[in-house]
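Here are my notes for your first look at this model. Please keep the structure open while you read.

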Amino acid sequence: MGTKRHHKLSTALVAAIALCQAQVAQAQACLAPDDVTDAGIYAIPVVADGFRASCAPHLAADGFFATRGADFVAPYSAMQNERWPGTLRVFLALAAGGGADEQADALGELPGDALRPIVDAFFAQKIGEEIKPQDCSKIERAMELLAPLPPENLGGLLTFILDVTDVKEPAICETENP
């Protein structure tokens, strides 16, 4: 990769992380429920990698993640490409809600595939920062409980929880009743 291109991607990554850190406190627009579901499904493999990096020393060698973690993550990994467009819309909406219009516009001008490693790095970094060693076994237990759900149900459940807990930053858009 050329130095100029590497510098542009590095700059975009730094800008994306800064925007997304600020967006949690400032986002006002709502997110489409289907896009949030897509982002939830897309994020599972990335989250699992962040979980593995943070928790490997704190988990049992014969525990769920060590023995069945790859099977749990596999269907989500297989769906990442189809779930990427919704995930990208969520990411760009969050970046635009951060108040740094110039940087959000610059991100929006990048090809979607160029943003994928940025989004993945953002998710992985956030997970790594948030996981405390004492929470590793609890998170592993939650994964084990959620593992039987099809990815669509898990993604939908995450969206539902965000909606009913009245998360406002960003809010989930209202769905139309038939």
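1. Start with Cys55. Setting aside neighbours within four places in sequence, Cys55 is in contact with Ile131 and Cys136. Remember that you are looking at a predicted model.

2. Cys55 also belongs to the largest nonpolar core, which has 16 residues. Cys55 is among the residues with the most contacts inside this core, as are Phe51, Leu59, Phe65, Phe72, Tyr76 and Met143. Which elements give two or more residues to this core? They are α2 (33–55), α3 (64–96) and α6 (136–146). The most comes from α3, with six residues.

3. A second core is separate and has seven residues. Trp84, Leu115, Ile118 and Val119 are included in this second core. As background, nonpolar side chains tend to be buried together in soluble globular proteins.

4. Now check helix α5 (residues 112–130). Its 19 residues, at 1.5 Å a residue, should span 27 Å. The end C-alpha atoms of α5 are 27 Å apart, so the two values agree. Buried residues in α5 are Ala114, Leu115, Arg116, Ile118, Val119 and Phe122.

5. Last, find Thr159 in helix α7 (residues 151–164). Is Thr159 buried or exposed? Its relative accessibility is 5%, and buried means under 20%, so Thr159 counts as buried.

6. Leaving out neighbours within four places in sequence, Thr159 is in contact with Pro33, Val36, Thr37 and Ile172.

Conventions:
Residues numbered from 1 in each chain as written. Predicted model: local features only at pLDDT ≥ 70, side-chain atom pairs only at ≥ 80, totals over all residues. Heavy atoms only, no water. Helix = DSSP H or I, 4+ residues; strand = E, 2+ residues; numbered from the N terminus. Buried < 20%, exposed > 50% of the residue type's maximum accessible area, 1.4 Å probe, protein only. Contact = heavy atoms within 4.5 Å. Expected span 1.5 Å × (residues − 1). Core = buried A, V, L, I, M, F, W, Y, C linked by side-chain atoms within 4.5 Å.
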